[in-house]
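Read the sequence alongside the coordinates. The paragraphs below go from one side chain to the whole chain and then to a few selected residues.

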Amino acid sequence: MTKLSEIAFKIRSKNAGPFWLTIDIFCASRKDFERVCQLARSTRVAQVLGTDEAQLKRYEIADLNVLKFSLPRPQIQGTRFDRDMHGASFAVLLADLEG
């Protein structure tokens with residue numbers, strides 16, 4: 001099985017404000033982009049991230065070979081239960097996605 005991290009050029013996650021996260025998956029070629037789009041189905045991504053699929057927003061930016069997901073943060077940024085102020089750890093969860 002191939003992992004998402006073996007196909008994508010870069011996977012990063014970050015804040016999109018105090019209530020949302022964004023995950024960007026950059027690909028080096030159109031072929032890799034198409035493979036990533038097949039592998040990272042919204043249903044699977046929602047399961048891995050522990051969120052409701054209805055709240056997951058998916059953006060396929062073919063001109064840039066980028067697949068982007070936006071989702072509500074599990075905890076509001078900066079609250080005492082927030083373990084990741086910058087939202088950077090969510091990329092790691094998708095990197096191991098296999099297909």
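I61 is partly exposed, because its relative accessible area is 30% and the class partly exposed covers what lies between buried (under 20% relative accessible area) and exposed (over 50%), with a 1.4 Å probe and protein chains only. I61 belongs to strand β3, residues 57-61. Helices (H or I, at least four residues) and strands (E, at least two) are DSSP runs, numbered from the N terminus. Together with Y59 and L64, I61 makes a nonpolar surface patch of about 270 Å². Patches are made of residues with over 30% relative accessible area and no salt bridge; like charges are joined within 9 Å and nonpolar side chains (Val, Leu, Ile, Met, Phe, Trp, Tyr) within 5 Å. A salt bridge here is a side-chain nitrogen of Lys or Arg within 4 Å of a carboxyl oxygen of Asp or Glu. Accessible areas come from the Shrake-Rupley method with a 1.4 Å probe, and for residues only the protein chains shown count as cover.

The model is predicted: local features need pLDDT of at least 70, side-chain atom pairs count only at pLDDT 80 or more, and totals for chains, interfaces and linings use all residues. Residues are numbered from 1 along each chain as its sequence is written, and side-chain values use heavy atoms, with hydrogens and water left out.

The protein chain has four helices and four strands. Their order from the N terminus is α-β-β-α-α-β-β-α. The radius of gyration of the protein chain is 13 Å, close to the 13 Å that the globule rule gives for 99 residues, so the chain is as compact as a globular protein of that length. That radius is taken over C-alpha atoms, and the rule is 2.2 Å times the number of residues to the power 0.38. The C-alpha trace spans about 40 × 25 × 25 Å along its principal axes. Of the 99 residues, 38% count as buried. Taking contacts (heavy atoms within 4.5 Å) between residues at least 6 apart in sequence, 61% join residues at least 24 apart.

Strands β1 (residues 10-15) and β2 (residues 20-26) pair in the antiparallel sense over six bridges; pairing requires that DSSP finds at least two bridges between two strands. In this pairing K10 stands opposite F26 in β2. The two strands, β1 and β2, form a hairpin with four residues between them, and G17 in the turn has a positive phi of about 100 degrees.

L71 is buried, with a relative accessible area of 2%. The C-alpha atoms of L71 and Q55 are separated by 6.2 Å, and these residues are 16 apart along the chain.

S42, in helix α3 (residues 42-49), is also buried, at 18% relative accessible area. Beyond four places in sequence, S42 touches E53, L56, R58 and F69.

M1 lies in the segment before α1 (4-7) and counts as exposed, at 75% relative accessibility. M1 and G99 are 98 residues apart in sequence, yet their C-alpha atoms are 5.7 Å apart in space. Not counting residues up to four places away, M1 touches E6, E98 and G99.
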